[in-house]
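Visitor: I would like a walk through this model, one question at a time. Please keep the answers brisk.

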Amino acid sequence: MLRNFFKVSFRNLRRNPVFSSINILGLTIGMAAALLIGLWIRNELSVDRWFANKDRIYQMYSREKSDGAVNAWGRTPSPLAAELKTNYPEVEDASRFRVVYFLMTKEEKHLNVQGAFADSGFLSILNFPFLAGNARTALNRPHTIVLTRHLAKSLFGNEDPMGKTVRIDSADQFTVTGILKDLPANTEFSFEYLLPWSYVDQLGWDVVGGNWQFTNLVTYVLLKPDASASDFSGKVRHIVRRHVTEGQGADREVFLQPITRVHLYSRVENGALVGGRVGTVRLFILIASFILLIACINFMNLSTARSERRAREVGIRKVVGAIRSSLVAQFIGESILLATIAFVLALGMVRLGLGAFDQVIGIPLTLDLSSPGFWLFAAGFILLTAILAGSYPAFFLSSARPVKVLKGAVRRSNTLVTPRKVLVVLQFTFAIALITSTLIVEDQLRFARNRDNGYNMNRLAFTFVQGDVLPHYESIRNELLHSGAVVGVTRTFSPLTRVWGQIAGYAWPRSTEADKRRYFLQYEADADFVRTTGTHLLQGRDLDLRQYPTDSLGVLLNETAVRTMRLDHPIGAVVTNPQGIHFHVVGVIRDFIIESPYDPVQPMVIAGLSTGYPVIHFRLDPNRPLSNEMATVEGIFKRYNPQYAFEWNFVDDAYNSKFRAEQQEGTLGILFAVLTIFISCLGLFGLSAAMAENRTREIGIRKVLGASVSGITLMISGEFVRLVGIALVIATPISWIAMNGWLEGFNYRTHITVGIFALAGLLAIAIALLTVGYQSIRAALANPVNSLRSE
């Protein structure tokens, strides 16, 4: 019987090549899209879930109320790890973690790569797979280093690196005590080497090491197996308050976030991590489900639209003794066959398109065809798709009454609402909603990009200070300016697009105790900041430590800081930082965006006093060829810092990277909207062809009675256009509610206009008309003699 099922199924495929091709193509695209999204979702849900003790590993977060809002962030004070490990029996181990860049040197090889400092327990808490070495002892001694396999290969080639030395920043030698497997794509961690925390102390970088007020690093905790996370969280909640009684940090709390939730939950609401990446994951689960559903709807509609032909087959089978269950099994078997063929084609499509998809999402995904688990999933996926697509046609077709169908009395529904019409409306409702959502995402991106950022990004670049740049800075600066390639140079505490410090506890004339809990962005510059960056000076002058040595205690304020401090005459006002150092205001600059372009500008203090200026900004002459200028700049830096490769970034590239997440969502939205529309149009094309075939005699009679070609075309097309119009009416409020909720996540956001829905509707209607127009015109132009010859 099984053989007979497959024989009949293949015969039906061969007998109806156009409709079979449309069904298979629609299912193939739907399954391929669902598979691609599924691979991405699997990667997102697996981030940092592969650690052996994942259920006991936590990242410590800080939480504090400021300006009426409760903020939370993933940085903690430096002494926290030691305190937890020493005084809390629930803690099995704790470690600090801090990202760093160093020049790795091995003989003639020089690599400037990202690594991290960590305490000795870090590799016991997080069991990164070792290829060589011992996780418990690898970072126990000073001047030891753990490398990834990639970095070890780059430095040592085919040699065994264990026990050999690497020079750090042309200064200190470190012995290799461990080799890690390269970090997988599904992790939040990004480093090529690990150094012991003792080196931070040796360098004198942990200047606030014993200070509980500053949150400047990440702390990871491994709880004991029998420890209660909720009880432990309650015990440590006010740990900072026990060490800080007044000023910054006096009201701060700490709390635990499971490491398995760090990637997915990063959005803060009232001090709690309630959303973030997980919202995007849920959205794309919904998109994948609907794309697959639309492909299945195509199958249902095309199968039932051609019910007249299959009904006669069913009638004959019933006459010769077939029972309904065997007919249902026959049609489900055909669905399984089609779904299997579509899945094989979808796998090929995924393999071909995976590289391009990886570039869009920025993550290397893998499709492991050797995994038994994958083929188990594949079998379930095929079966689910087949049942979803074939169940309704199977029960619909198998219900035909043989007496009626063999007399030619096939059921044709002319009612206002039919399952087929409902399914078409459902298809286009989702398609229009996806088009509308994509247009709104693009509008929000355009709105944010067009926001005045407050400075001139044209040919403004920055580089990080490394190696011998700092001691030779004045010579480098002078040569850059004298070369003519550069028209401005300034040193700053961080890049112009990022802020590395926030501080509370400032006091100023007529400030209150409540004002001391207000956080200010902390920035620093030495000279020519305004001229180099193109920010706008509103009052006073720029900082200039060369001309005015007293500017080491001078500050610039932005407009928001002046309003926050309620300073009527800011120039010359004295501002006192939490350490009691008195600064005098030398200038006021216009607000500029340094953090998120979607958020309001925060109050900022730009000081002249610094513990170091790790970033150099320089502006290239806009009137000279860019390639020549960069060659000149690189030559100057290499002359004074020959062991380091000259690495630089344009500020506009760094600024545009702030839109990467929304740009990615918009690109994926466009991709899946196009696929959804294409699948829906495949269904419309097939339906219009089936309708024209089923109504051949009706169209012939209408033409004999005087109907025009345009009238018949409008009759056939109009039915589908009406369905698309109904879908537009349903999709509009759904899209508005969903996207209005999405936009509420941005403080600086666009407004949803009627024009977006009108554009989406016009696009959908135009596409539908183009799709069914060919079949409608073809049917209208057919010779009625051919269709009525047998009457």
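Visitor: Is valine 555 buried or exposed?
Guide: This is a predicted model. The relative accessible area of valine 555 is 2%. The cut-off for burial is under 20%, so valine 555 counts as buried.

Visitor: Where does valine 555 sit, and which residues is it in contact with beyond its neighbours within four places in sequence?
Guide: Valine 555 belongs to strand S19, residues 554–558. Setting aside neighbours within four places in sequence, its contacts are Leu543, Phe583, His584, Val585, Val586, Gly587, Val605, Ile606 and Ala607.

Visitor: What separates the C-alpha atoms of valine 555 and valine 586?
Guide: Valine 586 is among the contacts of valine 555. The two residues are 31 residues apart along the chain. Their C-alpha atoms are separated by 5.9 Å.

Visitor: What is the make-up of the protein in helices and strands, and what share of its residues is buried?
Guide: The protein holds 24 helices and 24 strands. It has 791 residues. The share that counts as buried is 51%.

Visitor: Of contacts between residues at least 6 apart in sequence, what share joins residues at least 24 apart?
Guide: A contact needs heavy atoms within 4.5 Å. Among contacts between residues at least 6 apart in sequence, the share joining residues at least 24 apart is 78%.

Visitor: Which element gives the most to the largest nonpolar core?
Guide: The largest nonpolar core has 80 residues. Met31, Trp40, Ile287, Phe343, Phe357, Leu365 and Phe672 touch the most other members. Several helices supply at least two residues each, including H9, helix H11 (324–361) and helix H20 (660–694). The most, 15 residues, comes from H2.

Visitor: Which residues does leucine 365 touch, not counting residues up to four places away in sequence?
Guide: Leucine 365 is one of the core members that touch the most others. Not counting residues up to four places away in sequence, it touches Leu36, Leu39, Trp40, Asn43, Leu354, Phe357 and Asp358.

Visitor: How many residues are in the second, separate core?
Guide: Its members include Ala525, Phe529, Ile606 and Tyr655. Ile606 is also a contact of valine 555. The second core has 29 residues.

Visitor: How many aromatic pairs are there, and what geometry do tryptophan 40 and phenylalanine 284 have?
Guide: The count is 43 aromatic pairs. For tryptophan 40 and phenylalanine 284, the ring centres are 5.4 Å apart and the planes stand at 65°. Planes over 60 degrees apart set the class, so this pair is edge-to-face.

Visitor: What sequence separation does the pair of tyrosine 88 and phenylalanine 232 tie together?
Guide: The two rings are edge-to-face, 6.0 Å centre to centre with 90° between the planes. Tyrosine 88 is buried at 8% relative accessibility, and phenylalanine 232 is buried at 0%. Tyrosine 88 lies in the loop between helix H3 (80–87) and strand S3 (91–106), and phenylalanine 232 in helix H7 (residues 229–236), so the parts tied together are 144 residues apart.

Visitor: At what distance from the ring centre does arginine 261 lie over tyrosine 265?
Guide: Elsewhere, the charged end of arginine 541 sits over the ring of tyrosine 548, 3.9 Å from its centre. Arginine 261 lies over the face of tyrosine 265, and its distance from the ring centre is 3.8 Å.

Visitor: Over how many bridges does S1 join strand S11?
Guide: Nine of the ten residues of S1 are buried. Tyrosine 58 stands opposite proline 258 in S11. S1 and strand S11 (residues 253–258) run antiparallel, and the bridges joining them number six.

Note on methods: Residues are numbered from 1 along each chain as its sequence is written. This is a predicted model: local features need pLDDT of at least 70, side-chain atom pairs count only at pLDDT 80 or more; totals for chains, interfaces and linings use all residues. Side-chain values use heavy atoms; hydrogens and water are left out. Rings of Phe, Tyr and Trp (its six-membered ring) pair if their centres lie within 6.5 Å; planes under 30 degrees apart count as stacked, over 60 as edge-to-face and the rest as tilted. Helices (H or I, at least four residues) and strands (E, at least two) are DSSP runs, numbered from the N terminus. Buried means under 20% relative accessible area, exposed over 50%, partly exposed in between (1.4 Å probe, protein chains only). A charge sits over a ring if NZ of Lys or CZ of Arg is within 6 Å of the ring centre and within 35 degrees of the ring normal. A nonpolar core is a set of buried Ala, Val, Leu, Ile, Met, Phe, Trp, Tyr and Cys residues joined through side-chain atoms within 4.5 Å. Two strands pair if DSSP finds at least two bridges between them.
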